Amino acid sequence: MKVIRHYVGNDLRNFNYVVGCDRTGQAIVIDPFDHRAVLQIAVEMGWQIKLILNTHEHYDHIEGNPFVQQVTGAEIWAHRGIASVIPNVAKGLVANEIIELGDIRLKVFFTPGHTAAHVCFLLLPPTDKEAACFFSGDTLFNASAGNCRNGGNVDDLYHTFVSVIGPLADNTLLYPGHDYLLNNLNFALECDPSNLLAQRLKEQICHLQAGTVPVMTLGDERAYNPFLRLGEAKILEKMRPRFAGHSPRPSQVFARLGELRDNW
Ligand SMILES: [Zn+2]
């Protein structure tokens, strides 16, 4: 099994993903935007694209669907709540189902918040010794969280962070829908200027070309992503003045961080 991450190079800095099975040559595309690149990857790898998965309905996550489908005949699957919104969806997904193709096994997580019917996909490793890969769409970004401005709900997003992202193992590799790492690290450092990992990572990536940032783990994210550090002293210190000195609940900290990030 291989995961190919393709950086689109557009203003929105989208990542597209192709997951292929070495044994059968079958492949799954997640959130295709740059259909030419996705199709080229499949040709170069000797893979046949059998399935197109969408994390949610925003145009930058579905734009390439018809073109990839036209060339490959692949079916389009998305959460059943938006199966009638995205054109040509053949199957409406539900929480916790396992998508199997060749040796690929992807678990579907229902992750509302950025949108009402967002899903994330967890690529299950063939053995316990290997790491799982979490395709988070616009739910969890490196060093931040997705916004809730286009059909979202911040309380739902908080619940998704606690109930879905919370239990994932530290060694899980994070594959988000966009490369916002550098910008988000600046925000994370504003929340917690003394965060050493964020400082070092920023130094490491600030001269890199867009889209070439390292793949981080959830363990890394838990060390610098303010949305995963709601109860930590540094974050609370930063947020407490915004609650008139009261101790806010984690859900309130999460929502206020989202507002700060949106207006930052
Ligand atoms: Zn989106």
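The model is predicted, and local features need pLDDT of at least 70, side-chain atom pairs count only at pLDDT 80 or more, while totals for chains, interfaces and linings use all residues. Residues are numbered from 1 along each chain as its sequence is written, and side-chain values use heavy atoms, with hydrogens and water left out.

I start with the helices. Two packed helices are described by the angle between their axes and the distance between the axes. Helices here are DSSP runs of H or I with at least four residues, strands are runs of E with at least two, and both are numbered from the N terminus. Axes are lines fitted to C-alpha atoms, for helices over the stretch in contact, and angles run from 0 to 180 degrees between N-to-C directions.

Take α1, residues 35-45, and α3, residues 65-72. Their axes lie 9 Å apart and the packing angle is about 35°. The crossing is right-handed, meaning that the near helix is turned clockwise from the far one by less than a right angle. On the α1 side the contact uses His-35, Val-38 and Leu-39, and on the α3 side Phe-67, Val-68, Val-71 and Thr-72, where contact means heavy atoms within 4.5 Å. By class that gives five nonpolar, two polar and no charged residues. For these classes, Ala, Val, Leu, Ile, Met, Phe, Trp, Tyr, Cys and Pro count as nonpolar, Asp, Glu, Lys and Arg as charged, and the others, Gly among them, as polar.

With α4, the axes are 10 Å apart at an angle of about 120°, and the crossing is right-handed. Val-154, Leu-157, Tyr-158 and Phe-161 of α4 touch Pro-250, Ser-251, Phe-254 and Ala-255 of α9. This contact has seven nonpolar residues, one polar and no charged.

With α5, residues 181-191, the axis of α9, residues 250-262, comes within 11 Å and the two cross at roughly 125°. That makes α5 oblique to α9; angles under 35 degrees count as roughly parallel, over 145 as roughly antiparallel, 65 to 115 as roughly perpendicular and the rest as oblique. This crossing is right-handed too. From α5, Asn-183, Asn-184, Phe-187 and Cys-191 meet Leu-257, Leu-260 and Arg-261 of α9. The classes are four nonpolar, two polar and one charged.

Now the spaces. On a 1 Å grid over the protein atoms alone, a cavity is a set of points where a 1.4 Å probe fits but cannot get out, and a pocket is an open set with protein on both sides within 12 Å along at least five of seven lines; lining residues have an atom within 4 Å of a point. Grid points are joined across faces, edges and corners, and a volume is the space filled by probe spheres set on the points.

How many cavities of 30 Å³ or more are there? The count is one, and the largest cavity holds about 40 Å³. Its lining includes Phe-15, Asp-31 and Tyr-175, and β10 gives the most, with three residues.

The largest pocket holds about 500 Å³. It is lined by 27 residues, with Gly-146, Asn-147, Cys-148, Arg-149 and Asp-262 nearest its centre. Here α9 returns, giving the largest share of the lining, six residues. The lining divides into twelve nonpolar, nine polar and six charged residues.
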